[in-house]
Amino acid sequence: DKWDGTHTPSELLNTSFIVAHQRFAMESTRFGGASPRTFTVMAGDEVLGVFYILQLGDWAGFYLATIKPIEHNHVHIGLWAHHHIALTLQGEGFKLYDFMAGQEQYKYAFASGDIEVKDVTYMPKNMKMTLVNCLRKLR
């Protein structure tokens, strides 16, 4: 009922979404051992949004959020929530709040610069991979 009259239905009312994210919370090994955690943004008794954060050591990474569509969102609920989540995590000893990949504008709202990070995997040569690479070049 909270999203009635909006142009976007809430994922929070979608049973498949809820089941998938309950499963997600149980399978943290899929994310290198990072534990998922949710933060809920409330206004009184009304849910305005839910944010999924992955945590590992002193690192916290923003994974996903669902925010109630609001016609006149002058307070920018998403930015407000990120700010307060980061402050909460900082108070718990986390040293890094990572927006992870993506070019969305909100990811630059708190940044003083753009840092590029790459993940490179080196694998020892083996006969099978050498053959696969040779066949790819023949295409």
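Biologist: Let's start with the rings: how many aromatic pairs does a search of the whole structure find?

Modeller: In this predicted model, the search of the whole structure gives 3 aromatic pairs. One of them is formed by F62 and F99, an edge-to-face pair with 6.5 Å from centre to centre and 70 degrees between the planes.

Biologist: And where in the chain do F62 and F99 sit?

Modeller: F62 belongs to strand β3, residues 59–67, while F99 is in the loop between β4 (96–98) and α3, so that the pair links distant parts of the chain, 37 residues apart.

Biologist: Are those two buried or exposed?

Modeller: F62 counts as buried because its relative accessible area is 8%, under the 20% that sets the limit for buried, and F99 is likewise buried, with a relative accessible area of 12%.

Biologist: Why is the pair of Y97 and F99 called edge-to-face?

Modeller: The ring centres of Y97 and F99 lie 5.4 Å apart with the planes at 75 degrees, and therefore the pair is edge-to-face, given that planes over 60 degrees apart are classed that way. Y97 is buried, as is F99, and one aromatic cluster is formed by F51, F62, Y97 and F99.

Biologist: What does the side chain of H82 make with the side chain of Y97?

Modeller: The two side chains make a polar contact at 2.7 Å. H82 is located in helix α2, and it is buried, with a relative accessible area of 4%.

Biologist: Switching to charges, how many salt bridges does a search of the whole structure find?

Modeller: The search of the whole structure finds 1 salt bridge, in which the side chains of R37 and E92 meet at 2.7 Å, N to O. Because R37 lies in strand β1 (residues 35–43) and E92 in the loop between α2 (77–91) and β4, the pair ties together parts that are 55 residues apart in sequence.

Biologist: And how accessible are R37 and E92?

Modeller: R37 is partly exposed, with a relative accessible area of 25%, and E92 is also partly exposed, with a value of 43%.

Biologist: Last topic, the surface: which residues form a nonpolar patch there?

Modeller: That patch is formed by L131, L135 and L138, which together have about 340 Å² of accessible area. As for L135, its place is in helix α3, residues 127–138.

Terms used. Residues numbered from 1 in each chain as written. Predicted model: local features only at pLDDT ≥ 70, side-chain atom pairs only at ≥ 80, totals over all residues. Heavy atoms only, no water. Patch = residues over 30% accessible without salt bridge, like charges linked within 9 Å, V, L, I, M, F, W, Y side chains within 5 Å. Areas by Shrake-Rupley, 256 points an atom, 1.4 Å probe, with all protein chains shown as cover. Salt bridge = Lys/Arg side-chain N within 4 Å of Asp/Glu carboxyl O. Helix = DSSP H or I, 4+ residues; strand = E, 2+ residues; numbered from the N terminus. Phe/Tyr/Trp six-rings, centres within 6.5 Å; stacked < 30°, edge-to-face > 60°. Buried < 20%, exposed > 50% of the residue type's maximum accessible area, 1.4 Å probe, protein only. Polar contact = N/O pair within 3.5 Å; in protein donor to acceptor, adjacent residues only side chain to side chain.
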